[in-house]
Amino acid sequence: MRICLPILFLLFLSNPGFCKLYGQSSSSIYDVIETIESFEENSEERLSYVANINHIYLERHSSLLFPYIKKEFDHLSTNASTNIKFKIYSLLEANYYFFSQFEKAAAIAYELLRIAKHSKDSLHFYYAYSAISANEDELGSKYTAIDYLLKAHKYARCNNNALANSNIELGKSFSNIDKFDMAQSYLLEGINISLTNKNELQLSYGYSSMAQFLYETRNYDQALIYCAKVDSLGQKNKLLRTSNDILDIHVTSGLIYSEKKNFLTANIHFDKAQSIAETAGDLSELSFIYKSRSLLEESQGKFRESLFYHKNYSLLNDSIFTTEASIQLNALKIASEIDKKNLEIDIAKKNEEFSKRQFRYILIISVVLILSLIILIFFIKSKLHVSVINEKLTRQKNTIHQIEIENLESKVELKNKELADLFLHQFEKAELLTNVIQNIDKSNSKLKTELQEQLNRNDDWANFKFHFDKVHEGFFKKLSDLSNDFTPKDIRYCAYIRMNLTSKEIAIMLGISYRTVQGIRGRVRKKIKLEPKQDLVLFLMNL
């Protein structure tokens, strides 16, 4: 899940005088909207105000702000400064992200990158790559998301706040793909930079992310230490007391104490989290809390209380769906009404200008029409004939092209299916043989040997390799170009990594232990001559 405020707030900090000028930091969302509408007759002032809206408002009030941001986006002049363009694009990208319209948000994020290439501003590059990464992650492309985060990281050095946030985001992303050592290293680096910056908002985010990481890796006691650090920051800073970070650590603490069977303490933390979520109107987080409390009460045998929370969970889920749909529809209606009003104004202005120059235009148009008709008489037949022929040729070309595309897609899909079916068959066979081998009495070594030979049959691998090479054409050739010292198991290991298998699955397919798989991994890295910072999985996936 992308945490937008630490990233987006960097853009707002790029113009610190604006917040003081307009007093946004102490205004309610309705004061902000009223100020926007007060600039209705002054488009330049309105654009400047909207472009510099404090991004703190976006997470909670994106639906209310969307029509005004969309209006400025649609009417953005080509003469607008690069910085203003970047801010308006970033606001719209964030709005679509909060609406869960990730494809639209991703398209705008790539436009942000285009603007950054024009401005050559490092902070623009950082935010653009971070925004692309967040949307790619939501669209399911976790490795692509990490690639863009690493690109963003190169530009984060221009700003200590960006650098701290970049490390934290990389830590969370590597945790999502089970790269726990790298995840912990980046998270600690981000926390250390935040401590140097004395940025309590960012430090709270770093501590909260570390607590979540430790919880996911089942280091419960250490996770509770970081939860306490976030809580301590909240006690000192009023702005943090109802923040998402405080909410998250109370939820995490509740889950940890539930695991520890300390039900009283778990309920205390869930009470605090529920109170914050209710105050903030965070229905999604409240839904998760209800579900967690239902499971907690059920584990204690309190089925009536469990049923109560489960009913609230179900009702809230239905409400969330209805509310989100209603809010987005409302925002789109408001935007449509604003566009309609602007269109009417534009039409009125054009009509007024046309009235002043009507006679001159009529005269010019009349002359042009007469000349056009004379020319048309001579060329209409030939042009029509050529047009018909071209249209037929175009239709034929389009039909042939479409058939070729469909045939190619069918072939690719068939090859992928054949490889998947073959792998599943071989994996089930390997898993079964591995279980049988592990359960055979040690004295029956002959049977074990025969089963092990069956597990490592060359004809199974040859069949798999044949189908694999159809889908990932040239992979084995590229692999052999890297080194001539690969053993058959090295080659099989690389192929399984290319298929995105886990170490446990590879161990089953090769009929070896998990530790032996790690040995092969080290050997392959050495033969490919990868640097310590290079990731073997990413290298093979891109081969």
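**Chatting through a predicted helical model**

Colleague: Let's start with cysteine 227: does it count as buried or exposed?
Modeller: Cysteine 227 has a relative accessibility of 2%, so it counts as buried, since the cut-off for buried is under 20%. Keep in mind that this is a predicted model.

Colleague: And cysteine 494, buried or exposed?
Modeller: Cysteine 494 counts as buried because its relative accessibility is 0%.

Colleague: How many disulfides does the structure hold?
Modeller: The structure holds zero disulfides. In case the word is new, a disulfide is a covalent bond between the sulfur atoms of two cysteines.

Colleague: Thanks! Zooming out, what does the secondary structure come to?
Modeller: The protein has 25 helices and zero strands. Out of its 543 residues, 41% count as buried.

Colleague: What share of the contacts with a separation of 6 or more comes from residues 24 or more positions apart?
Modeller: That share is 60% in this protein.

Colleague: Back to cysteine 494. Which residue touches it?
Modeller: Valine 524 is one that does. Leaving out residues up to four places away in sequence, valine 524 touches Phe486, Asp490, Tyr493, Cys494 and Leu536.

Colleague: Where is valine 524?
Modeller: Valine 524 sits in helix H24, which covers residues 514-528. With 0% relative accessibility, valine 524 counts as buried.

Colleague: What separates the C-alpha atoms of valine 524 and leucine 536?
Modeller: A distance of 8.7 Å separates those two C-alpha atoms, and the residues are twelve apart along the chain.

Colleague: How about H10 and H12, at what angle do they cross?
Modeller: Helix H10 (residues 160-176) and helix H12 (residues 200-216) cross at roughly 15°, and their axes come within 10 Å. That angle is under 35 degrees, so H10 and H12 are roughly parallel to each other. H10 passes H12 in a left-handed crossing.

Colleague: Which residues make the contact?
Modeller: On the H10 side they are Asn161, Ala164, Asn165, Ile168, Glu169, Lys172 and Ser175. On the H12 side they are Gln202, Tyr205, Gly206, Ser209, Phe213 and Glu216. The residues of this contact divide into four nonpolar, six polar and three charged.

Colleague: Last topic, backbone angles. What is phi of serine 100 near?
Modeller: Phi of serine 100 is near 65°, a positive value in a residue other than glycine. Most residues other than glycine have a negative phi. Serine 100 lies in the loop between H6 and helix H7 (102-119). Serine 100 is partly exposed, with a relative accessible area of 49%.

Colleague: And what about phi of aspartate 178?
Modeller: Aspartate 178 has a positive phi of about 65°, although it is not a glycine. You can find aspartate 178 in the loop between H10 and helix H11 (180-197).

Colleague: Is aspartate 178 buried or exposed?
Modeller: Aspartate 178 is exposed, because its relative accessible area is 54% and the cut-off for exposed is over 50%.

Definitions and conventions
Residues are numbered from 1 along each chain as its sequence is written. This is a predicted model: local features need pLDDT of at least 70, side-chain atom pairs count only at pLDDT 80 or more; totals for chains, interfaces and linings use all residues. Side-chain values use heavy atoms; hydrogens and water are left out. Helices (H or I, at least four residues) and strands (E, at least two) are DSSP runs, numbered from the N terminus. Buried means under 20% relative accessible area, exposed over 50%, partly exposed in between (1.4 Å probe, protein chains only). Contact means heavy atoms within 4.5 Å. A disulfide is a pair of cysteine sulfur atoms within 2.5 Å. Axes are lines fitted to C-alpha atoms, for helices over the stretch in contact, and angles run from 0 to 180 degrees between N-to-C directions. Angles under 35 degrees count as roughly parallel, over 145 as roughly antiparallel, 65 to 115 as roughly perpendicular and the rest as oblique. A crossing is left-handed if the near helix is turned anticlockwise from the far one by less than a right angle, and right-handed if clockwise. Ala, Val, Leu, Ile, Met, Phe, Trp, Tyr, Cys and Pro count as nonpolar, Asp, Glu, Lys and Arg as charged, and the others, Gly among them, as polar.
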